[in-house]
Every structure is written in C-alpha cells, then in structure tokens.
Amino acid sequence: MSLGPGRVKKGRITVFNPRASETLVDVSVVDGWRQQTGQSTLAPDLWFNIKTKKNFVLPPNGHRVLKYRVKAPADFKGETMAFVFFRLPPDQKGGGVGIQLGYAVPFYMAVRGTEELTLTLDKLAAYPLGDGGWRYGATLSSQGNVHVRPHIEVTLFNEDGLELDRTALEHGPPIYPGRTRELYGKCALGDRAPGRYKARVDVTFTPLAGAKQSLRGDFDLVIGPNGPVFTPSAGAANP
C-alpha cells in the first residue's frame, strides 16, 4: 500500500481453518524486508499492528476476521514490508510424521513521494532446455529504496529488421533494492537457422507508488555451432 507521510490505513484479513476439527492458530509478525534484502528499513512494530492475541482457536472449518492498522511515519522514506505468519499445529493422523501448515501474508508499505528506483538491464542470454528448446534469461539490477516487479518482452528480428517473434518473460518475482535477478521465458530460438539476428528487450515497471516507467536494450545475436550468443548492439543506448 502507498501512504502519504503520517497517514493511516486500516483493513481486515480473514483467517480460515481448513480442518474438520478445531485448531490453534499461532500468529507472528516478522521484518520481511530484512528477510528479503538483509537490511532492515523499519521495524514492523513501528508501522504495523494487527489486533489479535499471539494465538487463538478456530472452530472446525471456521474463520476469524482480524483488523490491522498501518501508519506511515512522517520521517520515513521509501518502502518496507512485514510478513504476518499464521501457523497451525501438525496434523499427525495415523501416527505418521506431522507437517505444520503455515501461511505468510506480506504487507508492503511505501511512503508516497519518497520513492527512489533505478532499474538496469545488465544482460540478455539464452539457455538450452532438456527438451531441445531454449529459453531467454534477462538479468536486471535494482537500486533505490523500493522493490519492483517488471514486465519483460523480447522481440527477435532478422538482419533486415523484420520481426520474427515476441516472447514474454516470467512476471511476478520481485527485485529488491541492491539485488540482481535473472528472469526467464521459453523461446523459439531452436527453430532459427544459423546466422545473425537482432533482439530488443522492452522492460516496463510501476513502483508501488509512482508512474509507469520503461527501459530498452538492443542486442546483436549470432546463432552458431555453440548456440545463441548475445552482445549489446554497437551504439545502442542500453542501460
């Protein structure tokens, strides 16, 4: 969620019991930003509160609605995140090994107007798959104080600029500040004849609070005996 400095937002979350018997639910809140980045921006108890005891009992197939409150400190900049864990005791029917059920719900909070984000496209590569196919891998790095979930599309051209195909890479995994991530998408490079090609990578992203942004990378591609090899195009304004 995106809040102005000092602003408050309230909400509800519903916890369900999937079992046909009553069960004890343990609740805990941890610094999710530290877990994901190794650095803490703001301790959860300074901005997040969920109104519940540390544990409570749910009736068979029952549920409970919990209220939470988020406040953006006036002097905080950027983004933070907390995980709310709901854990159920192990189900040990039949005397076997019990497995504890657990659910983690992330709560993101960004202070509007303080976001900083720089995303760069570091590399485009191709990797063979076991079925004889290929997949693209685009490596991106993020700097700033907010996370990003980019949309990436790779367009392949012949040497004359004729578009051959487009491939959308996976979307969803976040890239946190100071981190690098490679995102993948299966492509049809295996169907191309050896030779020279060109590829364009279009990346679009929208921070939790902010306007939609984009960046582009242009690459030369040679498909030879050792497979596809990408190099940044000469004179291209790749980030």
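Predicted model: local features only at pLDDT ≥ 70, side-chain atom pairs only at ≥ 80, totals over all residues.

Student: What makes β7 and β8 count as paired?

Tutor: Pairing takes at least two bridges between the strands. β7 and β8 have 10 bridges, so they count as paired under that cut-off. Within this pair, V84 stands opposite V105 in β8.

Student: And how do you know that β1 and β8 pair?

Tutor: Strand β1 (residues 2-3) is joined to strand β8 (residues 101-111) by two bridges. The cut-off is at least two, so the pair qualifies. These strands run parallel, and S2 has A110 as its bridge partner in β8.

Student: Which strands pair with β6?

Tutor: Strand β2 (residues 8-16) pairs with strand β6 (residues 63-71) in the antiparallel sense, over nine bridges. T14 has V65 as its partner there. Strand β4 (residues 48-51) also pairs with β6 in the antiparallel sense, over four bridges, with K51 opposite K67.

Student: Now S142. Why is S142 called buried?

Tutor: Its relative accessible area is 0%, and buried means under 20%, so S142 is buried. S142 lies in strand β10 (residues 134-144).

Student: What does S142 touch, leaving out residues up to four places away in sequence?

Tutor: S142 touches L117, T118, L119, V148, I175, Y176, P177, G178 and R179. Each of those has heavy atoms within 4.5 Å of S142, so each is called a contact.

Technical notes:
Residues numbered from 1 in each chain as written. Heavy atoms only, no water. Buried < 20%, exposed > 50% of the residue type's maximum accessible area, 1.4 Å probe, protein only.
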